[in-house]
Amino acid sequence: MSFDEEWSAARASAAANVSMRLNHLPAAPADPGGGSGGGDLELNQDHIGAIGSDAYELHSRLQTDGKHASASTAEAASALAQEGFAAGAALAKANSTWESQVQTLIAACANISNGLNYSLSSHAKDEQQLHADFTASAIDTYLT
């Protein structure tokens, strides 16, 4: 089959499916996921916004509270090491690991907060674009 024949067949198949409704799902006997069974994706901006706000608050608190004992732990590790205790090096390593993990959590909270904010604005833009596209396609049906 040539490309032109395949392309014609694909266009004919697409034209036959134009009558299908967006978000239409065949009836399912049961929804194993426990959802409503509808085909619509529901985005509750208030819930998403609250989660993003909580992530930002956790980010802010971790920047200060996560490092609360860092200076005193480093001081204790140094004092122990100066006295020849192996626990000094171990405490310094634990402090370094803790600081690294706190930085990872801070970055993760920032990613969550920023990602949710981006998702909300992106979803709103996509909705506007879909509305414009569907409106234009409805106009096209009357012009042909």
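Some ground rules before we look. Because this is a prediction, local features need pLDDT of at least 70 and side-chain atom pairs count only at pLDDT 80 or more, while totals for chains, interfaces and linings use all residues. Residues are numbered from 1 along each chain as its sequence is written, and side-chain values use heavy atoms, with hydrogens and water left out.

Let's take the whole chain to begin with. The protein chain has four helices and zero strands, so from the N terminus on the order reads α-α-α-α; helices here are DSSP runs of H or I with at least four residues, strands are runs of E with at least two, and both are numbered from the N terminus. Of the 144 residues, 12% are buried. For burial, I use relative accessible area with a 1.4 Å probe, protein chains only: buried is under 20%, exposed is over 50%, and partly exposed is in between. The chain exposes about 11500 Å², with carbon and sulfur atoms supplying 58% of that; those areas come from the Shrake-Rupley method with a 1.4 Å probe.

Which residues of H2 are buried? They are Ile48, Gly52, Ala55, His59 and Leu62. These residues sit on the same side of H2, because they cover an arc of only 85° around the axis, taking the directions from the helix axis to the C-beta atoms. Turn to the other side of H2, and you find Asp46, His47, Asp54 and Thr64 exposed.

Tyr56 also belongs to H2, and it is exposed, at a relative accessible area of 51%. Tyr56 and Asn111 are 55 residues apart in sequence, yet their C-alpha atoms are 9.4 Å apart in space.

Last stop: how many salt bridges does a search of the whole structure find? One, counting a side-chain nitrogen of Lys or Arg within 4 Å of a carboxyl oxygen of Asp or Glu. The partners are Asp65 and Arg61, at 3.1 Å from N to O. Asp65 itself is partly exposed, with a relative accessible area of 43%.
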